[in-house]
Amino acid sequence: MSQHTPGPRAPEASRLPALTGMRFIAAAMVFFFHAVPERFFTSEHSQNVANTIFYQGGWTGVGFFFILSGFILTWTMRADDTTPAFLRRRFFKIYPLHLLTLIAAMMLAAWVAQASVSGRDVALQLLLLHSWSPDIMVRASLNGVAWSLSCEALFYALFPILIRIIGRIRPERLWRWAGAVVAAIFTVPFVADRLPDQEVFPAVNVTAADLWLVYQFPGTRLLDFVFGIILARVVMEGRRLPLSFGGSAVLVAVAYVATPFFPSAYHLVAIMVVPLGLLVASAARAESSRLRNWLSSRAMVWLGEISFAFYITHQLVQVYGHRFLGAGKTWDTPQAIGVIALLFAVTLLLSWALYTLVEHPIMRRFATSRGERRDRAAQKKGPGPNPLSGQTADPEAEKASAAPAARALRRSRRTARSGTRAISPGQATRPPSYFSRRAAHTGRRPEVGGKSRVPQSKRAHPPPASAVLIRSCARRRSHNRSDPCGG
């Protein structure tokens, strides 16, 4: 896996805590979107208000995840990474929780809902192929939100190829390619309107063809992922962004409010793709410039870390939580808000437990191979084998071997202060050398172990012959002797 490298980033610049915090906001938007069809409110007015506020949240949250996925994978890619290592990490990131929630969904469907479980649906879910089916009952079976993992599986499989292709794009042409991808995204609803299945789902006011081809089909959602990869390169290359983080946030809010005024097929992806892309890119640019905000706080980063577990479990909690509290039951507005808040808290607690007990331990244990862990441990430990002796460096052995030299250095310093030369145990007595006497006379550090510790450029050297002759002449003049110098 390689790409055009714009230049090394500092280690702290490769971390984007604000984007991690934004992941939880996107997951929460999907939670409230799915709470609307559960109809917790008795009041039709309250139900309509909730639908108006949160209708666009589901489409927007998933679109944010897909763009962010392409952006983050490009931003954090290592130059020495390999395709098997990359696929291994992504597999252990998403599949264990998917498998666990799939088993839970099967058990709940069989024991609580008393519903039959199709072997075909289970097989497609296990292989993450269910979102390729045009049948809405296949895509929504068991744990309905898992359809997005089918798209993510395609993204991860193609990323090593896509990064090579996009990595060859010249920096000055990146925005043109980004515009081409956005144009393709706006073309998809036009194609979906020509498909035969135009049945409208009242709950979301979207046709079956639009829901599949525009929103849930992995091949078309790949465009969001590619858009994120290109935007990552835009930021990494230092290309200019049209809006700052604040301006991008305002644009997202405006587009969110204005979306209902466009045809329903464009609600799903097209209207929000550019605002969301600019929001991700500008947040990364701000983080690189160390302009932090509340999204980078420790609490938001923690919520972002558990956001995947929150996303993958929230619909099961809503559906079966509502059934536990009373199937089809509705509540007055304050009570309904309390019920939704309770289910939100249960989902948050469950996601924290899954992240702590399942996701994080599995990533630490299995996301990297033994060879990779061994190499990282060797890098943290220090230098490798000595090329001369062939033995591995041992910090304790190095510390022990350095102790005699330290003791000798302390003895030499005491010698310099006292004017005598210390003799180490077992060392033969011999007259001090010229350099030792000279160093003691000048106040410089004498030798230790037979070698001077004074740098070569600063060592005291014997005086040249001309200097000796001049000093001799001076002494002779002072004693009124014949001057061999001609004085």
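Tutor: In this predicted model, Ala, Val, Leu, Ile, Met, Phe, Trp, Tyr, Cys and Pro count as nonpolar, Asp, Glu, Lys and Arg as charged, and the others, Gly among them, as polar.

Student: How do the residues of the lining of the second largest pocket divide into nonpolar, polar and charged?

Tutor: The second largest pocket holds about 860 Å³ of space. It is lined by 29 residues, and those closest to its centre are His 34, Ile 136, Ala 140, Gly 144 and Gln 315. By class, the lining comprises two charged, seven polar and 20 nonpolar residues.

Student: Which helix supplies the largest share of the lining of the second largest pocket?

Tutor: Helices H1 (17-35), H2 (44-75), H5 (136-139), H8 and H14 (307-326) each give at least two residues to that lining. The largest share is five residues, and the helix supplying them is H14.

Student: Is H7 roughly parallel or roughly antiparallel to H8?

Tutor: Helix H7 spans residues 174-192 and helix H8 residues 208-216; their axes lie 9 Å apart, at an angle of about 150°. Angles over 145 degrees count as roughly antiparallel. Therefore H7 is, relative to H8, roughly antiparallel.

Student: How many residues of the contact of H7 with H8 are charged?

Tutor: H7 crosses H8 in a right-handed sense. On the H7 side the contact involves Val 188, Pro 189, Val 191 and Ala 192, and on the H8 side Ala 209, Asp 210, Leu 213 and Val 214. Seven of these residues are nonpolar and none is polar, and the number charged is one.

Notes
Residues numbered from 1 in each chain as written. Predicted model: local features only at pLDDT ≥ 70, side-chain atom pairs only at ≥ 80, totals over all residues. Heavy atoms only, no water. Axes fitted to C-alpha atoms, helices over the stretch in contact; angles between N-to-C directions. Helix = DSSP H or I, 4+ residues; strand = E, 2+ residues; numbered from the N terminus. Parallel < 35°, antiparallel > 145°, perpendicular 65-115°, else oblique. Left-handed = near helix turned anticlockwise from the far one by under 90°. Contact = heavy atoms within 4.5 Å. 1 Å grid on protein atoms, 1.4 Å probe; cavity = no way out; pocket = protein on both sides within 12 Å on 5 of 7 lines; lining within 4 Å. Points joined across faces, edges and corners; volume = space filled by probe spheres on them.
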